[in-house]
Each structure stands twice: as structure tokens, then as C-alpha cells.
Amino acid sequence: MAAKEEKSSKRKRSGDSVKEGIISKKPNFVKPPKSTKPSADDDGLKKKTVDRSSKGGKKPQYDNKPLHDEENKEPKTKKEARHQAKELAEARKKKRKRHYTLEQELATLWEKMRKRNISKQDRSALVSQALQKMTGTIPEIAVSHVSSRILQTCVKFCTQAERDAVFVELKPNLLTLACNVYAVHLVKKMLDNASKIQLEGFISSLHGHVASLLKHMVGSVVIEHAFHLANASQKQSLLVELYSTELQLFKDLVSTKEGRLVDIIPKLGLQKASVQRHMASIIQPLLEKGIVDHSIIHSALLEYFSIADKTSAADVIQQLSGPHLVRMIHTRAGSKLGILCVKHGSAKERKKIIKGMKSHVGKIAYDQYGSTVLACILSMVDDTKLINKVISTSGVSFFFCCFRTAYYIMFVSGEAVWFNFPTSLLQIIIAELQTMLKDLALNKSGSRPLLQLLHPNYQRYLGPQNLSSLSLTIPSLSKKEEAAEVTSELESGKGGDNEMDATSVDPDNSKSLQEDEQLVDGGKKDPSVRRKELLVNSGLAEKLIDMCIDSAGELLRSNFGKEVIYEVATGGADQILLPTLSDKLETLHKAIAALAALPNEANHVLINFHSSRTIRKLILDCPSFASIAWKTAFKGKCEMWSQGHSSKVVCAFLESPNPDVQDLAKSQLQPLIDSGSLKMPETKLTEQ
């Protein structure tokens with residue numbers, strides 16, 4: 001007890017830190033005055049000196065003698081404190097930034113020159129003044145956030161001579177600036193305004209650095225911008241650097257005639273395996289980093305697929321399947337990559353591709369090249385089973401869905417009945433397309449997936465380039481070529497060390513070859529069955545007909561909507577809509593005929609350029625519509641429509657290949673032809 005009292009008394013005597021009965025356990029250092037607080041940037045204080053010779057908890061010693069008494073004064077008011085802090089910040093910036101004063105002057109000029117209500121003469125004078133101040137220091141200040149924007153404004157509004165002077169000063173440092181997060185925008189602006197000679201010089205300076213810049217998140221943007229602005233030979237010079245090290249060192253080896261990699265390899269005697277390894281070493285880091293948005297990378301991947309072996313091509317398809325592919329199909333080469341991935345991908349990879357498109361289907365459908373990928377998916381993916389039926393019962397019933405399976409239980413009168421409703425990949429696409437049918441039909445690219453379902457692979461709707469894209473294959477994964485090679489070997493008697501004959505072929509192997517061949521051609525399922533499931537069984541056709549009935553006039557007068565309403569009204573190719581939706585189609589025919597029966601007015605459907613030709617085609621190709629249109633709109637009114645665009649519609653009744661349609665109108669149209677009021681087309685007259 002005595003020892004404890006002695007310790008407590010020593011503790012009380014040793015410090016003045018006892019406050020209101022609470023004993024502080026922290027050492028009591030004497031705080032230095034505020035004016036003597038050490039600072040790295042304050043010249044009025046000397047460095048802190050600590051006595052390290054003695055052990056224990058001694059407080060550090062400060063030399064608090066100020067160099068300038070005026071700087072050491074404490075501010076009296078808050079305003080003075082703010083002013084003093086601002087001065088200190090300015091002093092620090094001047095030490096840290098070499099051209100701080102120049103940047104401040106340029107910022108003042110920039111605020112004036114970027115105003116909208118300034119005259120051209122005043123802006124030109126300010127731009128010239130700013131460029132004069134920057135001369136000699138442009139590469140250094142181009143990496144600054146504010147100064148780079150000032151330079152962009154000057155390049156935008158300066159004269160061509162001033163722009164050329166800026167380009168000359170920046171040219172030795174363009175590759176360095178291309179990797180700077182701020183200067184990259186200035187480099188792109190300079191390329192946009194560069195002359196042909198300047199652009200050629202910049203692309204030449206990229207020689208040997210294309211692969212390394214593509215791996216850089218910022219530098220790849222400049223390569224893509226230059227690739228977009230380049231002509232065919234310049235694009236070729238940028239691409240060949242990705243093929244092999246020889247082509248990086250010697251840029252004059254390849255001529256513009258040899259555009260494809262498969263032509264370059266035998267021409268220069270390169271080893272296919274070494275080229276494949278070199279391209280893989282460039283492509284793999286790009287895929288891992290997610291740098292897949294640029295068209296130059298898409299073109300390189302297409303060339304890689306042309307020489308890649310089976311394993312390498314399958315690995316790249318696996319890496320691309322998913323969100324990466326959605327970011328690539330906005331270019332021509334990217335859409336071809338998407339088609340190849342859909343064609344040669346496994347069921348799991350196709351599922352990833354379609355899931356990656358979820359909530360982006362509308363944007364893809366409106367894209368010029370992405371719509372072709374959608375058309376390819378609708379033509380080749382076999383997973384078309386949709387949930388079409390809603391089961392209703394008169395008694396008490398409910399459904400219980402397991403979380404991981406697609407099994408449902410319905411209890412009716414105490415008995416359990418199991419139903420299996422398979423989910424579908426294409427339900428994601430069909431469901432999103434159904435919400436925007438009218439907008440898609442009126443759009444050039446958006447109508448492409450709908451027309452592909454209504455009339456597959458029709459050149460008028462897809463065009464020759466898209467049709468050729470849909471027929472692309474990867475050589476190493478195409479079983480057609482492998483089967484042809486095996487057949488040629490069998491016929492020639494070549495089969496390695498031992499001769500082969502037809503009896504040595506594995507029947508299971510040949511069966512798998514045939515199945516894969518069908519898959520490349522468009523899936524294993526019959527195209528007509530797949531098309532019916534997607535278009536009719538899914539309910540898409542019914543909603544499409546309803547949309548055409550509600551917006552018949554707008555679609556008929558549209559340059560692209562007229563194709564959709566024509567295909568729907570005729571029942572689609574092979575009359576796919578007629579067996580189940582004939583009543584709906586008759587309603588659509590009546591709606592179109594009702595528009596033709598309206599009084600003559602400006603932009604009438606029989607006078608409008610697009611709608612008159614569409615109605616004429618319907619009369620020629622659809623006898624059921626022709627009879628309804630004659631009874632509703634033309635009977636007894638042919639003389640009124642015998643001039644202008646409408647005369648071609650009236651003459652279509654006599655041009656129809658169906659004799660019943662001709663008999664409907666012959667009695668009324670022949671007198672008009674004899675009197676000269678109605679002129680038949682020259683093609684019809686020559687046939688008669």
C-alpha cells in the first residue's frame with residue numbers, strides 16, 4: 001500500500017497534466033508558437049534540429065528565429081489570412097511550374113478569345129498574340145491541362161501559316177505528346193487540320209512504334225485517329241507493322257497490291273508460324289487490357305483469323321465473346337468479327353454474346369454494321385424456343401418456380417402437374433425489338449433485322465457487301481475446307497506415311513464434319529423451322545402486323561418503311577405469315593386500301609413517290625390485296641387517277657400475272673387506254 005501511494009504521489013508531482021481529477025497518460029510537450037511552425041516551403045524558418053544524443057522522451061528542439069519579421073506576423077483578420085494563404089500558394093506554384101506566369105497570361109487571353117460574341121478580327125489578334133507568347137515553349141506547355149486547351153483553341157482559329165508553324169514546332173515531340181492524357185487532344189486536332197504532306201510525315205514517324213502505341217491506353221487513340229484519316233496505302237503501312245518484325249524494320253517490303261496477309265506471307269517468303277506468334281504477342285495484351293474499340297485492331301484480328309490455327313482462333317473467339325464484342329461491331333471489320341464469332345462460337349460463347357447485347361439491342365439495330373450482326377444471329381442461332389403460352393385454370397392454381405431450374409409446379413384439385421418452360425437466348429433480342437418496331441421499320445439499318453426474318457438473305461435489303469460478310473468463315477475452323485482436303489487426299493492416295501483409302505475414314509469423324517458444316521452454314525436446325533419459331537411463334541409477326549395497320553400511311557410514304565409493310569402485306573417470303581395470320585393480313589390490306597380511297601389531296605398515297613410504287617407492287621404480287629383495293633378505291637374512279645404517279649398504280653391491274661385481277665379492271669381501263677387518257681408502260685406494250 002505504501003508503494004502504491006508513493007507512485008501516485010510521484011505521478012501527481014511529475015506533471016501539471018492533472019485536470020479535474022483526470023490523470024493524463026500522454027507526455028506533456030510544450031507546443032511551439034504558430035508563427036514558428038516548420039514548413040517545407042517557408043523561407044522564414046530554419047530547418048528543425050533534433051538532439052538525438054540523449055535517450056528518453058525529450059521534446060524536439062526548434063530554432064524559432066525568423067529570417068523576416070514581417071512574414072512571421074500572424075494575420076489579424078480572416079481576410080488577411082486568406083490573402084496570406086493565396087500568396088503562399090502562388091509562390092509554391094511559381095517554384096513548381098516553370099511557365100506559371102506565361103500560363104496565367106495565356107489564360108487571360110483565352111477567356112477573351114473563346115467568347116461567342118467576339119468579332120473575327122479581335123479573335124484573330126488575340127490568337128496571334130497568344131501564339132507569339134508560346135513560341136519556343138509549345139511542346140513544354142502542351143502537356144498542361146489548361147495550356148493544352150488554349151493551344152487547341154489557337155489551332156482552331158489561327159491562320160494556316162500559324163498552324164504550320166505550330167506543327168513544325170510540335171513535330172519532333174508528337175510521339176511523346178501522343179501518350180499524354182492532355183496533349184493527346186491537341187495531337188488529334190493537329191491531325192484533323194494537317195495537310196496531306198503533314199499527315200504523310202506523321203504516319204511515317206509512327207513507323208516502328210505502332211505496336212507499342214496500340215498497347216497504350218492513350219496512344220492507341222492517336223493511332224486509330226491517324227488510321228481513320230489515312231488513305232489505303234497509309235492504312236496498309238500501319239497494319240503491316242503488326243504482322244512481323246521484318247516488316248517493322250523494313251517498311252518498303254510490302255507494296256499496295258498485296259493487301260491481304262495471306263498474300264504477303266508467300267510473296268516475301270515469311271514463316272506462317274512466326275507471323276502467327278508475333279501477332280499473338282500483340283493481340284493478347286490488347287484483349288487483356290480491353291483495348292478493342294479501334295478499327296485498326298479489328299482489321300488486324302481479321303487478318304489473324306486468316307492464318308491462325310484451330311486452337312488459337314478458338315481462344316480468341318472465347319476472349320471476344322461477351323461485352324468486348326458489343327464494343328467492336330460498330331465498324332465494318334468489327335461486324336465481320338462478330339459474324340465469325342457467332343458462326344464458329346460454341347453454344348456457351350453464343351450465350352455470352354447475346355447476354356452482352358442485353359439492353360443494347362436497340363442501339364445495335366440502329367447501327368450501320370451492328371444491324372448485320374443481329375441479322376446473322378437471327379439466321380444462325382438455333383436456340384429459338386420461347387415462352388409462348390400462358391396457362392390459365394378455372395380453379396385455384398399457383399406456380400412455384402425453383403430458383404436454379406425452369407420447372408414450374410401447378411396444383412389443380414390437389415394434384416401436382418409439372419411443366420418445363422425452356423428459356424431462350426433469342427428471347428432477349430426479340431423482346432427488345434418488339435418495343436421499338438415502328439422506329440426500326442422507319443430506319444435504314446433498323447429495318448434490316450426485321451427484313452432478314454421476313455425475306456432472308458435478299459440482296460435488295462442487305463446489299464452485296466453484307467451478304468458477303470454473312471458468308472465469311474475462319475479457314476482453320478471451317479470443316480468444309482477440312483473435308484475437301486480429306487477428300488482430295490483420299491482421291492490422290494496421300495495420307496502421310498501410309499496410304500489411305502475410303503475404307504479407312506472414321507465414320508464418327510465424318511459425321512461430326514457434316515454437323516459442323518451445317519453449323520457454319522446456319523445452324524443445325526432447318527432454316528424454315530427456325531424462322532417460323534422466331535417470327536410467328538414468338539408473337540413478333542402479330543405485333544408487326546398491328547404496327548403496320550396503325551401506321552400504314554407513314555410506312556408507305558417512308559423510303560425504308562415501305563419495304564417492311566410490303567413484305568408483311570405479302571406474307572413474307574414463302575408465305576410464312578399466311579397460314580396462321582391470314583385474318584390480320586386481310587385487315588392490313590383493308591387499311592391500305594382505305595388510304596387509297598381517300599379524296600385526292602397533296603401527298604396522297606397514290607401520288608406520293610414511295611407509296612404509289614409500293615401499292616403498285618402489292619397489286620402485282622398479292623392478288624388478295626388487288627381485289628380489295630379495286631373494290632374499295634379504284635372501281636369507278638380510274639379516270640381520276642389516270643395521270644401522274646397514280647397512273648402506274650392503275651395500270652398495275654392489267655399488268656398483274658393473275659388473270660382474275662386483270663378481269664376486274666379490264667372493262668373500265670380499256671376505254672381509257674383507247675382514248676389516250678391512260679398510257680400503259682412501254683414494257684407492257686412490247687409484250688402485247
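**Close-up views of a predicted model**

The count of aromatic pairs in this predicted model comes to three.

**View 1. Trp630 and Phe653 form an edge-to-face aromatic pair.** The ring centres of Trp630 and Phe653 are 5.2 Å apart, with 65 degrees between the planes. Trp630 belongs to helix H36 (residues 623-634) and Phe653 to helix H37 (residues 646-655), so this pair ties together parts that are 23 residues apart in sequence. Both Trp630 and Phe653 are buried.

**View 2. Phe634 pairs with Phe653.** With ring centres 5.3 Å apart and planes at 65 degrees, Phe634 and Phe653 count as edge-to-face because the angle is over 60 degrees. Phe634 is in helix H36 and Phe653 is in helix H37, so the pair ties together parts 19 residues apart in sequence. The relative accessible area is 0% for Phe634 and 0% for Phe653; Phe634 is therefore buried, and Phe653 is therefore buried.

**View 3. Trp630, Phe634 and Phe653 form a cluster linked by ring pairs.** Beyond its neighbours within four places in sequence, Phe634 is in contact with Leu606, Ala629, Trp641, Val649, Val650, Phe653 and Gln668. Phe653, a partner of Phe634 in an edge-to-face pair, is thus shown here with the other contacts of Phe634, including Leu606 and Gln668.

**View 4. Met357 and Phe634 in the largest nonpolar core.** This core holds 171 residues, and Met357 and Phe634 touch the most other members. Helix H17 (residues 295-307) supplies the largest share of the core, eight residues.

**View 5. Ser148 in helix H6.** Helix H6 spans residues 145-157 and includes Ser148. The relative accessible area of Ser148 is 2%, so this residue is buried, the limit being under 20%. Leaving out residues up to four places away in sequence, Ser148 touches Ile141, Ala142 and Tyr182.

**View 6. Lys235 over the face of Phe227.** Lys235 lies 5.4 Å from the centre of the Phe227 ring.

**View 7. Lys617 over the face of Tyr566.** The distance from Lys617 to the centre of the Tyr566 ring is 4.3 Å.

How values were computed
Residues are numbered from 1 along each chain as its sequence is written. This is a predicted model: local features need pLDDT of at least 70, side-chain atom pairs count only at pLDDT 80 or more; totals for chains, interfaces and linings use all residues. Side-chain values use heavy atoms; hydrogens and water are left out. A nonpolar core is a set of buried Ala, Val, Leu, Ile, Met, Phe, Trp, Tyr and Cys residues joined through side-chain atoms within 4.5 Å. Buried means under 20% relative accessible area, exposed over 50%, partly exposed in between (1.4 Å probe, protein chains only). Helices (H or I, at least four residues) and strands (E, at least two) are DSSP runs, numbered from the N terminus. Contact means heavy atoms within 4.5 Å. Rings of Phe, Tyr and Trp (its six-membered ring) pair if their centres lie within 6.5 Å; planes under 30 degrees apart count as stacked, over 60 as edge-to-face and the rest as tilted. A charge sits over a ring if NZ of Lys or CZ of Arg is within 6 Å of the ring centre and within 35 degrees of the ring normal.
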